[in-house]
Amino acid sequence: MSARIDLHTHSTASDGTLGPAELVRAAADAGLDVVALTDHDTTAGWEPAVAALPTGLTLVRGAELSCRWFGVEPAIPLHLLAYLFDPTEPELAAELARVRRAREERGERIVRLLQADGIRVSWSEILAGAAGGTVGRPHIAQALIRAGLVATTTEAFGPRWLGERYRLPKEDIDVFRAVALVRAAGGVPVFAHPRASRRGRIVPDELIVELAAAGLAGLEADHEDHSPAEREHVRALAAELGLLVTGSSDFHGTHKTVRLGAFTTGAEAYERIVALARGVTPVASG
Ligand code: AMP
Ligand code: ZN
Ligand code: FE
Ligand code: FE
């Protein structure tokens, strides 16, 4: 049987609902052989995930970096998965800390916009809901659900709420700088859901060509936010550019409906990631 490899998941260290320890146990229960923990802009979940790693499961330590491409006006936000980088590399660590602080400021500003319209949500309650993890719109979505204003996270991300009316930009990392920082920290950068047009504007293929020349290693093709045609497009582009291709669940616990292992990565692409990495190694419990 071929290995089951899921290279994109979130824990309570960012906007998932399972703690890092619960997440690795759930990954083993879901029959995965390899799981990557890729919380937004943080490595805080790495230690507890390693400590709880079940026998037979390999953990790939990673993160999902909030980036932006400044080649058009207004700039386009995008996500960069980074695998097996050295978390103590000072420039990258400082950049992640800066983004986390900026996320808190932005979250608080979103809450003030809501309050100015008479919507009763509390920033301290939202911060408490994030429990020390990277704050994101999913935490604000939970406050809207608690207030009875929307029924689901999906609805909270609609245009009337966090998707447009109360959407504010974050202070993301320039994507070329992010690729360089991840590489300098010995990590392997992979563009997350590059064609997910249902989430917002997407970048042109010309940017991906430039990123590949700048050190991007791969593209995530199989993802629930990609249609079958979009997946095929990503695969063809990756083949053209010699990039590796991944597939992943982007699991967020109950903040999303997707299950662990819903999409997976082939062993060959996984091995290419491991071979390229110079920061930290995958961890397997003995
Ligand atoms: P933020 O990082 O604060 O801008 O929030 C964006 C995050 O919210 C994404 O990384 C996803 O994890 C999540 N998200 C985006 N769109 C949706 C959606 N329609 N439903 C549920 N979660 C979403
Ligand atoms: Zn998320
Ligand atoms: Fe993402
Ligand atoms: Fe994600």
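Trainee: What share of the 286 residues is buried, and what makes a residue count as buried?

Mentor: Buried residues make up 54% of the 286 residues in the protein. The word means under 20% relative accessible area, whereas exposed means over 50% and partly exposed lies in between, with a 1.4 Å probe and protein chains only. This is a predicted model, in which local features need pLDDT of at least 70 and side-chain atom pairs count only at pLDDT 80 or more, while totals for chains, interfaces and linings use all residues. As for labels, residues are numbered from 1 along each chain as its sequence is written, chains are lettered from A and ligands numbered from 1 in the order in which they are written, and side-chain values use heavy atoms, leaving out hydrogens and water.

Trainee: Why is Thr246 called buried?

Mentor: Its relative accessible area is 1%, and the cut-off is under 20%, so Thr246 qualifies. You will find Thr246 in strand 8; strands (E, at least two residues) and helices (H or I, at least four) are DSSP runs numbered from the N terminus. Beyond its neighbours within four places in sequence, Thr246 is in contact (heavy atoms within 4.5 Å) with residues including Leu7, Val190, Leu219 and Ile273.

Trainee: How do you know that the protein agrees with a compact globule?

Mentor: The rule, taken over C-alpha atoms, is 2.2 Å times the number of residues to the power 0.38. For 286 residues a compact globule would come near 19 Å, and the protein has 18 Å, which agrees. The C-alpha trace spans about 55 × 45 × 40 Å along its principal axes. Among contacts with a separation of 6 or more, 71% join residues 24 or more positions apart.

Trainee: What makes a set of residues a nonpolar core, and which members of the largest one touch the most others?

Mentor: The members must be buried Ala, Val, Leu, Ile, Met, Phe, Trp, Tyr or Cys residues, joined through side-chain atoms within 4.5 Å. The largest such core has 64 residues, and Leu7, Leu65, Tyr83 and Leu219 touch the most other members. Apart from it lies another core, of 19 residues, including Ile110, Leu114, Ala143 and Leu144.

Trainee: Why is helix 5 described as largely enclosed?

Mentor: Count its residues: seven of the 10 in helix 5 (residues 137-146) are buried, so the rest of the structure largely encloses it. Ala143 and Leu144 are among those seven. The buried residues of helix 5 pack against helix 3 (90-116), helix 4 (123-130) and helix 6 (153-156). Just after helix 5, Gly148 takes a positive phi of about 75 degrees.

Trainee: On to the metals. Which residues coordinate the iron ion (ligand 4), and what makes an atom a donor?

Mentor: A donor is an N, O or S atom within 2.8 Å of the metal (3.2 Å for Na, K and Ca); water is not among the atoms, so sites may look incomplete. His8 (NE2), His10 (NE2), Glu64 (OE) and Asp250 (OD) lie at 2.0 to 2.3 Å from the iron ion (ligand 4), so they meet that cut-off.

Trainee: Why is the site of the iron ion (ligand 4) called irregular?

Mentor: Its four donor atoms make angles of 77 to 165 degrees. Tetrahedral needs all angles between 85 and 135 degrees; square planar, for four donors, and octahedral, for six, need opposite donors over 155 degrees apart and all others between 65 and 115; anything else is irregular. His8 lies in the loop between strand 1 (5-6) and helix 1 (20-29), and Asp250 in the loop between strand 8 and helix 10, so the pair ties together parts that are 242 residues apart in sequence. His8 is buried at 0% relative accessible area, and Asp250 is buried at 1%.

Trainee: Which protein atoms hold the zinc ion (ligand 2)?

Mentor: Its protein donors are Asp15 (OD), Asp15 (OD), His40 (NE2) and His252 (NE2), lying 2.0 to 2.5 Å from it. His40 sits in strand 2 (residues 34-40) and His252 in the loop between strand 8 (244-247) and helix 10 (267-276), so this pair ties together parts 212 residues apart in sequence. Both His40 and His252 are buried. The zinc ion (ligand 2) is 4.4 Å from the iron ion (ligand 4) and 5.8 Å from the iron ion (ligand 3).

Trainee: And which residues coordinate the iron ion (ligand 3)?

Mentor: Glu64 (OE), His79 (ND1) and His193 (NE2) do, at 2.0 to 2.2 Å. Glu64 and His193 are both buried.
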